[in-house]
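The following note sets out points for a colleague who wishes to examine the model alongside the sequence. The points run from overall architecture to individual residues.

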Amino acid sequence: MHCSQPSIEIVPLNKSCRESVQSLCEECFPICYPEWWYENILSDHVQFSLGAFYGDQLIGMIVAEYQTPREAREQGKIPYSCTGYSVAYIISLGVKTEFRRQGIARKLMRLLFDSLKTECKLVYLHVQSSNQTAIEFYKWRSFQEHCQIPGYYTIDETPDDALVFTYPIHGGPLEPILWSELLYNSIYSVYDCTFTHVTRFCTYIKRNLMY
């Protein structure tokens, strides 16, 4: 007699999966995440958290959250004007090595996209600039490379760059890029200004310049 193999089941993650999630992350990513990071992605603060299980073994996961356009500008240098709308940020997507190329990551991402509310107009994420496998995965799925952020990651105490990839959904981005928002990102990146000063300066430009 042949024993039937367990099927792959995708279910929400919770705090009881803490050790399995950490084990998966340690295998899939070169980054050493702190304790608070695991607590955060398994909390109610994160709106979307799914795990792919083969029997009782966690073999893949996707974690995402909604952000405001301002949060997306600060974290991903996203200059789109989407006032009144939200952005989805993919915090983490990974699959154990021996289960890759079986469509698991694609299925996890499809479930995420299917669940996003219509007010969400853009999906974005960070990828380590040297992770060619991940870069090809996202490009193959029509994500667009938006920009590069120097020193975004720290791996073995060595800074490493991140690439930001974006994917517009539900008709977004809604409006053209505003010059004042591009200026906001430039100033915020180049100068060590306080958030208050940058905000005041950009508010002045929006009020006094035509665009």
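1. Architecture. The chain holds seven helices and seven strands. The model is a predicted one. Starting at the N terminus, the order of elements is β-α-α-β-β-α-β-α-β-α-β-β-α-α.

2. Burial and contacts. Of the 211 residues in the chain, 45% are buried. The chain exposes about 12,600 Å², and 51% of this area is supplied by carbon and sulfur atoms. When contacts between residues at least 6 apart in sequence are considered, 69% of them join residues at least 24 apart.

3. Helix α1. An α-helix has 3.6 residues a turn, so residues three or four places apart point the same way.

4. Nonpolar cores. The largest nonpolar core comprises 31 residues, and those with the most contacts inside it are L13, V21, C25, I41 and M61. At least two residues of this core come from each of α1, α2, β3, β4, β5 (120–128), β6 (144–155) and β7 (158–168). Another core, of 30 residues, lies apart from it and includes L116, L125, L163 and F165. In soluble globular proteins, nonpolar side chains tend to be buried together.

5. Surroundings of I41. Leaving aside residues up to four places away in sequence, I41 touches V21, V46, S49, M61, V63 and I91.

6. Aromatic pairs. The structure holds 13 aromatic pairs. One of them, formed by Y33 and W37, is stacked, at 3.8 Å centre to centre and with 10 degrees between the planes. Y33 and W37 are both buried. The pair of Y54 and F99 is tilted, because the ring centres are 5.4 Å apart and the planes stand at 55 degrees. This pair links distant parts of the chain, since Y54 belongs to strand β2 (residues 48–54) and F99 to the loop between β4 and α4 (104–115), 45 residues apart. Y54 counts as partly exposed, with 22% relative accessibility, whereas F99 counts as buried at 12%.

7. Further aromatic features. One aromatic cluster is formed by F113, F137, Y138, F143, F165 and Y167. F165 is also among the residues of the 30-residue core. Elsewhere, K117 lies over the face of Y66, at 4.5 Å from the ring centre.

8. Backbone points to inspect. Where does S142 lie? S142 is in the loop between α5 (132–140) and β6, and its phi is near 70 degrees, a positive value in a residue other than glycine. With 43% relative accessibility, S142 counts as partly exposed. E157, located in the loop between β6 and β7, likewise has a positive phi, near 65 degrees, and is a residue other than glycine. E157 is exposed, at a relative accessible area of 76%.

Terms used. Residues are numbered from 1 along each chain as its sequence is written. This is a predicted model: local features need pLDDT of at least 70, side-chain atom pairs count only at pLDDT 80 or more; totals for chains, interfaces and linings use all residues. Side-chain values use heavy atoms; hydrogens and water are left out. Helices (H or I, at least four residues) and strands (E, at least two) are DSSP runs, numbered from the N terminus. Buried means under 20% relative accessible area, exposed over 50%, partly exposed in between (1.4 Å probe, protein chains only). Contact means heavy atoms within 4.5 Å. Accessible areas come from the Shrake-Rupley method with a 1.4 Å probe; for residues, only the protein chains shown count as cover. A nonpolar core is a set of buried Ala, Val, Leu, Ile, Met, Phe, Trp, Tyr and Cys residues joined through side-chain atoms within 4.5 Å. Rings of Phe, Tyr and Trp (its six-membered ring) pair if their centres lie within 6.5 Å; planes under 30 degrees apart count as stacked, over 60 as edge-to-face and the rest as tilted. A charge sits over a ring if NZ of Lys or CZ of Arg is within 6 Å of the ring centre and within 35 degrees of the ring normal.
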